[in-house]
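These are my notebook entries on a single structure.

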Amino acid sequence: MDTADKKLSILNEKVISCRLCPRLVAWREEILKNKPKRFSTESYWSKPVPGFGDPLAELLIVGLAPAAHGGNRTGRIFTGDRSGDFLFDALYRFGYSSSPKSVSRDDRLQLKNVYITASVRCVPPKNKPTPEEIVNCRQYLIEELSILKNLKVILTLGRIAFDNVLTTVKKVAETEGKHFAWKKLSFIHGIEHSLPDGKILIGSFHPSQQNTFTGKLTKSMFDSVFSRISSLLKSL
């Protein structure tokens, strides 16, 4: 196991044991007591969900939080729900995933050149984490950014993830004694921004059912984002 693997394993164990947010701990345990009929016989993960992927990744994908009956059930982010189906179909077609479907932690799926994580590691009620909960989880994103040394592009899925990554990068820079003139960015699909450390931040609509079923995010729109990422990774 290389150094990045070891560091990610240690970090992920820390994530899994986290109980910093009482509201989220209570909610994930409440879900466990009230499983829907279609999953009534399944054993839910019901813990914080760690990131996963290639420790040598050049692309980092940051989502919002685990879904109640997706990542919170399976123990892997974007796994076992429609959002994950939409994302992994794209990852497979662009060569990042060994499979177009992410079903469970034991499905042998492998990621290449991409690491996936979330702004908040526990499922929040109504998919709406509080600002305090986002701050509590920020330490884990900071550690991931430190461990993943090869990152060139960060893809954020949704406005909350986009804003959180910007704030996180700013906080890290400030702790290192670096100060930059940060302009306020309004999130739109396809937005692209150069970060002070040379990485490129890209924003996409989140592949939630609300967005994909209504046509707010289409397959071609998502493909355009990944095509742009492919071009960036070749040129950076």
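Which residue takes a positive phi just after α6? I found that G177 does so, with a phi of about 80°.

Basis of the entries. I worked from a predicted model, in which local features need pLDDT of at least 70 and side-chain atom pairs count only at pLDDT 80 or more, while totals for chains, interfaces and linings use all residues. Residues are numbered from 1 along each chain as its sequence is written, and side-chain values use heavy atoms, with hydrogens and water left out.

Entry on α6. I took helices (H or I, at least four residues) and strands (E, at least two) as DSSP runs, numbered from the N terminus. Helix α6 has 17 residues and reaches 24 Å from its first C-alpha to its last, close to the 24 Å expected at 1.5 Å a residue; the expected span is 1.5 Å times one less than the number of residues. I counted a residue as buried under 20% relative accessible area, exposed over 50% and partly exposed in between (1.4 Å probe, protein chains only). The buried residues of α6 are A161, F162, N164, V165, L166, T168, V169 and A173. They pack against β2, α5, β4, β5 (192-194) and β6 (200-204), with contact meaning heavy atoms within 4.5 Å.

Entry on α5. The 17 residues of helix α5 (residues 131-147) should span 24 Å at 1.5 Å a residue, and the end C-alpha atoms are 25 Å apart, which agrees. I noted that α5 bends by about 35° at C137; the bend is the angle between axes fitted to the seven residues ending there and the seven starting there. C137 is also among the buried residues of α5, including E133, R138 and E144. The cover over the buried residues of α5 includes α1 (3-16), α2 (22-33), β3 (114-118) and α6.

Entry on loops. Most residues other than glycine have a negative phi. S46 is not a glycine, yet has a positive phi of about 50°. S46 sits in the loop between α2 and β1 and counts as buried because its relative accessibility is 9%. R108, in the loop between α4 and β3, also is not a glycine and has a positive phi of about 70°. R108 is exposed, because its relative accessible area is 78%. R38 lies in the loop between α2 and β1 (52-53) and counts as exposed at 60% relative accessibility.

Entry on voids. On a 1 Å grid over the protein atoms alone, a cavity is a set of points where a 1.4 Å probe fits but cannot get out, and a pocket is an open set with protein on both sides within 12 Å along at least five of seven lines; lining residues have an atom within 4 Å of a point. Grid points are joined across faces, edges and corners, and a volume is the space filled by probe spheres set on the points. The largest cavity has a volume of about 90 Å³. It is lined by 14 residues, with C18, L20, C21, C122 and C137 closest to its centre. Helices α2 and α5 each give two or more residues to this lining.

The largest pocket has a volume of about 810 Å³. Of its 31 lining residues, L64, S83, N127, H206 and S208 lie nearest the centre. The elements giving two or more residues to that lining are α4 (82-93), α6 (159-175) and α7 (209-212).
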